[in-house]
Amino acid sequence: MILWGPGSIGSELLTAIIDHRDDLEIVGVKVYSDSKNGVDAGELVGRDPIGVAATNDDGALVALDADCVIYTPRNGDIDEVCRLLASGKNVATTVFGFYPPRLPDADHQRLEAACREGNTTFHASGINPGNLSGVLPLALSGMSRTIDKITLQERADMTLYDSTDISFGNMKFGAPCDVVNPDVDEYLRDMKSMFVEQIWLLGDALNADLDEVTVDIEAIPAQEDHQIFDRLLRAGTTAGQRWNMIGRRNGEPRVEIETLWTVGNEYPEHWPAPEHGWTLTIEGDPSMRVHFLTLASFTRNASIAEHAQAANIATGMQVLNAVPAVCDAPCGFATNATLPLIRSATGFAR
Ligand SMILES: NC(=O)c1ccc[n+]([C@@H]2O[C@H](COP(=O)([O-])OP(=O)(O)OC[C@H]3O[C@@H](n4cnc5c(N)ncnc54)[C@H](OP(=O)(O)O)[C@@H]3O)[C@@H](O)[C@H]2O)c1
């Protein structure tokens with residue numbers, strides 16, 4: 001297996017494989033920063049050397065023989081993923097392509113052609129998009145007689161999210177509020193696409209017969225300055241983002257995903273205020289609600305940093321645990337609606 005991008009999530013994947021997965025062999029690790037280039041992959045994550053030097057040499061990695069690439073860079077590159085798929089490596093990612101049938105035609109067709117060329121499978125998942133917006137609602141729907149509406153709310157304060165290149169650089173916290181616009185920013189366009197894809201995935205899987213997905217975004221300015229790791233979020237710049245995305249049939253809301261994100265923990269009074277974490281509501285017969293939270297532990301004293309990392313672990317494990325099923329799946333796209341239920345490969349075993 002090759003790991004592409006050992007950042008916050010990818011590092012957790014590396015330690016999980018080294019510590020718990022004797023059945024998986026890491027043969028390559030792609031890094032971007034000069035400081036990590038040439039460093040042994042085990043040492044990168046505080047483990048003994050494993051004899052694999054991390055590299056920024058894409059060609060050398062593509063030439064390796066590997067069943068699967070776990071692809072977790074900050075920014076996805078569809079050309080890169082197509083190259084990996086066409087070279088005969090399955091790709092499992094946290095980054096993009098959560099429901100390829102609803103990607104723009106050109107992207108969809110390129111990915112499909114690369115899978116055909118390499119006889120490979122592409123899969124994207126994580127926590128959200130991923131388990132909570134795909135696997136969990138589909139699992140709960142097994143108890144439904146009829147469904148009127150599915151709503152997933154994600155309330156997160158990202159003050160402790162140490163990937164500030166993502167929260168500030170990509171997501172535009174700390175930027176002027178009018179910059180939070182997927183029509184003018186490529187990363188935000190992709191972020192919009194991934195949630196919209198999740199809505200189509202649920203709609204298509206549950207016969208919602210959606211005819212459109214509407215997207216409303218509200219960016220909220222900070223009342224005061226906040227120091228967030230290496231970044232200063234200045235008063236007046238973006239400290240809150242509410243993305244409301246609704247799949248509709250004849251104008252009627254059927255599937256809704258709403259994010260309520262802050263950095264600096266200033267929470268706007270006019271926003272809905274579910275508990276922190278994720279709240280999934282299925283209105284129907286019967287109506288059901290689940291509130292989901294990740295922590296490092298509910299019993300032992302864990303540091304704030306450990307708690308903050310818990311969602312990253314969940315994101316990575318959903319993809320790592322899916323790898324055998326992705327490798328076994330037919331050539332093409334494997335989604336959370338087509339793969340079998342993904343379980344922990346390690347479970348109670350240490
Ligand atoms: N599906 C979900 O539920 C979910 C949840 C959270 C995040 N995500 C996504 O998962 C991905 C990884 O998140 P993360 O928190 O681990 O990110 P991160 O900590 O910022 O690091 C990701 C990696 O990006 C690499 N990188 C540096 N410059 C880059 C560039 N110009 N282009 C591409 N990659 C570059 C870094 O390289 P070095 O190793 O050399 O530093 C690092 O390995 C992101 O795309 C994020 O949006 C998905």
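The buried residues of helix α9 are covered by several elements, including α1, β3 (68-71), β4 (90-93), α6 (131-141) and α10 (323-328). This is a predicted model.

**Helix α9**

Eleven names make up the buried list of α9: Ala308, Gln309, Ala311, Asn312, Ile313, Thr315, Gly316, Met317, Gln318, Val319 and Leu320. The helix runs over residues 304-320. Its length can be checked. At 1.5 Å a residue, the 17 residues of α9 should span 24 Å, and the C-alpha atoms at its ends are 25 Å apart, so the two values agree. The helix also has a kink of about 30°, centred on Ala310.

In soluble globular proteins, nonpolar side chains tend to be buried together. Here the largest nonpolar core holds 72 residues, and Leu3 and Ile70 have the most contacts inside it. Helix α8 (residues 186-205) gives the largest share of this core, eight residues. A second, separate core has 13 residues, among them Phe173, Ala222, Leu260 and Trp261.

What does Ile70 touch, beyond residues up to four places away in sequence? Its partners are Met1, Leu3, Trp4, Leu13, Ala92, Val319 and Leu320. Two of these names, Val319 and Leu320, also stand among the buried residues of α9.

**The ligand shell**

How many residues surround the ligand? The shell has 26 residues, and the closest are Gly7, Ile9, Pro73, Arg74 and Gly126. By type, the shell divides into nine nonpolar, 14 polar and three charged residues. Three helices, α1 (8-20), α7 (164-170) and α9 (304-320), each supply at least two of its residues. The largest share, three residues, comes from α1. Helix α1 is also part of what covers the buried residues of α9.

**Phe122**

Phe122 sits in strand β5 (residues 121-124). Is Phe122 buried or exposed? Phe122 has 27 other C-beta atoms within 10 Å, and 20 or more make a residue buried, so Phe122 is buried. Leaving aside neighbours within four places in sequence, Phe122 is in contact with Leu85, Val91, Gly97, Pro100, Leu111, Cys115 and Phe333. Phe122 and Gly332 are 210 residues apart along the chain, yet their C-alpha atoms are separated by 6.2 Å.

**Backbone details in loops**

Two cis peptide bonds deserve a look. One joins Asn128 and Pro129, and Pro129 lies in the loop between β5 and α6. Another joins Asp285 and Pro286. Pro286 belongs to the loop between β12 (277-285) and β13 (288-292).

Asn119 is in the loop between α5 (105-118) and β5. Asn265 is in the loop between β11 (252-262) and β12. The angles are listed here.

| Site | Angle |
|---|---|
| Asn128 and Pro129, cis peptide bond | omega about 5° |
| Asp285 and Pro286, cis peptide bond | omega about 0° |
| Asn119, positive phi | phi near 55° |
| Asn265, positive phi | phi near 60° |

How values were computed
Residues are numbered from 1 along each chain as its sequence is written. This is a predicted model: local features need pLDDT of at least 70, side-chain atom pairs count only at pLDDT 80 or more; totals for chains, interfaces and linings use all residues. A nonpolar core is a set of buried Ala, Val, Leu, Ile, Met, Phe, Trp, Tyr and Cys residues joined through C-beta atoms within 7 Å. A residue is buried if 20 or more other C-beta atoms lie within 10 Å of its own, exposed if 12 or fewer, and partly exposed in between; C-beta atoms are placed from the backbone. Helices (H or I, at least four residues) and strands (E, at least two) are DSSP runs, numbered from the N terminus. Two residues are in contact if their C-beta atoms, placed from the backbone, lie within 7 Å. A residue is near a molecule or strand if its C-beta atom, placed from the backbone, lies within 6 Å of it. Ala, Val, Leu, Ile, Met, Phe, Trp, Tyr, Cys and Pro count as nonpolar, Asp, Glu, Lys and Arg as charged, and the others, Gly among them, as polar. The expected span of a helix is 1.5 Å times one less than its number of residues. The bend at a residue is the angle between axes fitted to the seven residues ending there and the seven starting there.
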